[in-house]
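Trainee: I have a model open and want to learn how to read it. Where do we begin?

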Amino acid sequence: MSKNKDHALSTRMIHSGRDPAKQLGAVSPPIHRASTIIIEKAEDLYADNIRTYGIGGMQVHDELKNALCALEDAEHCLLTESGLLACTLPIFALVGAGEHILVPDNVYSPTRRYCNRSLKRTGGSVTYYDPLIGAGIADLIQDNTRLIMIESPGSLTFELPDIRAIVAAAKARGVATALDNCWGSGVYLRPLDLGVDISILATTKYAGGHSDSLSGAILMNDAKIATKLQEASADLGLCTSPEDANIVLRGLRTMTTRLKVHEAAGLEIATWLQTRDEVKAVLHPALPENPFHAIWKRDFTGSAGLFAFELKPCSQQDVINFLNAFEIFGLGFSYGGFESLVVNCDPQLSFRGNKKSQFEGPLIRLAIGLEDINDLKADLENAFAVLNY
């Protein structure tokens with residue numbers, strides 16, 4: 001296994017999280033479907049430092065954690081059964097009754113749902129902040145604030161917050177920070193290097209890469225925070241299946257290679273969309289014209305294949321006809337798989353503060369997969385043709 005941090009990330013992802021000497025020479029770890037584990041010595045039945053039950057994970061789980069730690073140079077990794085759980089478990093573990101959390105207004109909507117429903121039911125409180133607040137977030141930190149959530153870029157609308165300014169304000173008050181890093185995926189954004197305490201990954205997406213598993217991961221360097229999250233996971237009886245762990249570990253081997261294709265195709269289509277008469281604006285932070293491009297260039301080393309664009313004003317029926325005209329792009333909410341996807345975002349924007357008012361026309365999100373770029377453009381052209389402009 002390559003532990004040399006001087007090696008390129010692609011090399012590290014291929015060689016991390018495996019040990020052929022312990023695997024009968026196989027290049028990948030085995031899948032153990034285990035609940036009961038036989039313990040050799042009676043004095044070890046209640047020991048804390050050995051594996052005593054399958055819920056704690058097996059070798060494939062250990063190796064996946066090793067590979068994910070190598071991805072972001074993290075000291076601690078916790079696996080979860082979904083990306084959403086990776087978002088909500090830190091809130092569950094760190095924000096209790098009578099305590100407070102700050103969440104960006106453009107947050108992933110299921111995370112917002114958790115804060116509005118489950119967090120409030122357990123006595124916690126939430127304040128939604130403008131994602132562009134930067135250092136001004138210091139004014140919103142309360143004495144009982146325990147966690148600041150960050151999303152970069154913002155879900156659906158792709159704003160880039162000033163991560164460094166928010167982290168500095170949080171550290172000055174002793175408040176933990178957690179960043180949803182699904183878009184950067186640990187390859188193009190490394191939150192822990194920017195001082196963020198918790199990096200959240202939906203490994204369902206680019207890490208898994210094939211739309212056939214559900215899983216998430218939480219990466220940390222702070223041992224105290226890691227212990228709190230591990231205890232919360234144990235108390236809830238959480239356990240990622242060995243099959244899903246294996247799928248993600250397999251996907252990590254090729255993730256950096258696949259992301260290069262997603263990135264190039266996404267930028268080409270985003271640039272092409274800027275030339276279309278039907279399009280009012282393209283929301284992709286890697287485009288030089290984008291208002292967040294400077295922050296993207298400072299904090300990121302690349303871009304994902306996920307972005308949005310605003311259609312010129314049209315009717316709701318036009319939007320439905322537009323979406324139904326696609327042949328290659330599927331109607332689906334996830335991203336990061338091999339297939340291209342499209343959704344209209346307006347129904348989700350209605351849950352935010354006043355963010356809907358910034359768009360005159362419908363907002364469409366594209367997840368660019370690995371299909372031929374010319375086929376994807378032709379599919380978009382066919383969909384544009386049904387609009388009544």
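Mentor: With a term. Helices and strands here are DSSP runs, numbered from the N terminus; a strand is a run of E with at least two residues. Keep in mind that this is a predicted model.

Trainee: Let me try that on a residue. Between which strands is Lys 205 found?

Mentor: Lys 205 lies in the loop between strand S6 (198–201) and strand S7 (216–220).

Trainee: Which feature does UniProt place at Lys 205?

Mentor: The UniProt record, an unreviewed entry, gives "modified residue: N6-(pyridoxal phosphate)lysine" at Lys 205.

Trainee: Is Lys 205 buried or exposed?

Mentor: Buried means under 20% relative accessible area. Lys 205 has 14%, so it counts as buried.

Trainee: Which residues does Lys 205 touch, leaving out those up to four places away in sequence?

Mentor: Cys 182, Ser 334, Tyr 335 and Gly 336.

Trainee: Now strands. How do strands of a sheet pair?

Mentor: Through backbone hydrogen bonds, either parallel or antiparallel. Take S4 (residues 145–151). Strand S2 (residues 100–104) runs parallel to S4, joined by three bridges. Strand S5 (residues 176–180) is also parallel to S4, with five bridges.

Trainee: Which residues stand opposite Leu 147?

Mentor: Ile 101 stands opposite Leu 147 of S4. In S5, the bridge partner of Leu 147 is Ala 176.

Trainee: Why is S4 described as largely enclosed by the rest of the structure?

Mentor: Because six of its seven residues are buried.

Trainee: What unit do S4, helix H5 and S5 make?

Mentor: A right-handed β-α-β unit, with H5 spanning residues 163–172.

Trainee: Next, strand order. What is the order in the open sheet of five strands?

Mentor: S8-S9-S12-S11-S10, with mixed pairing. An edge strand pairs on one side only; here those are S8 (279–283) and S10 (330–331).

Trainee: How many bridges join S10 to S11?

Mentor: Two, and S10 runs parallel to S11 (residues 341–344).

Notes:
Residues numbered from 1 in each chain as written. Predicted model: local features only at pLDDT ≥ 70, side-chain atom pairs only at ≥ 80, totals over all residues. Heavy atoms only, no water. Pairing = 2+ DSSP bridges. Helix = DSSP H or I, 4+ residues; strand = E, 2+ residues; numbered from the N terminus. UniProt positions renumbered as here; feature names shortened; annotations may be inferred. Buried < 20%, exposed > 50% of the residue type's maximum accessible area, 1.4 Å probe, protein only. Contact = heavy atoms within 4.5 Å. Right-handed = clockwise from strand over helix to strand, strands pointing away.
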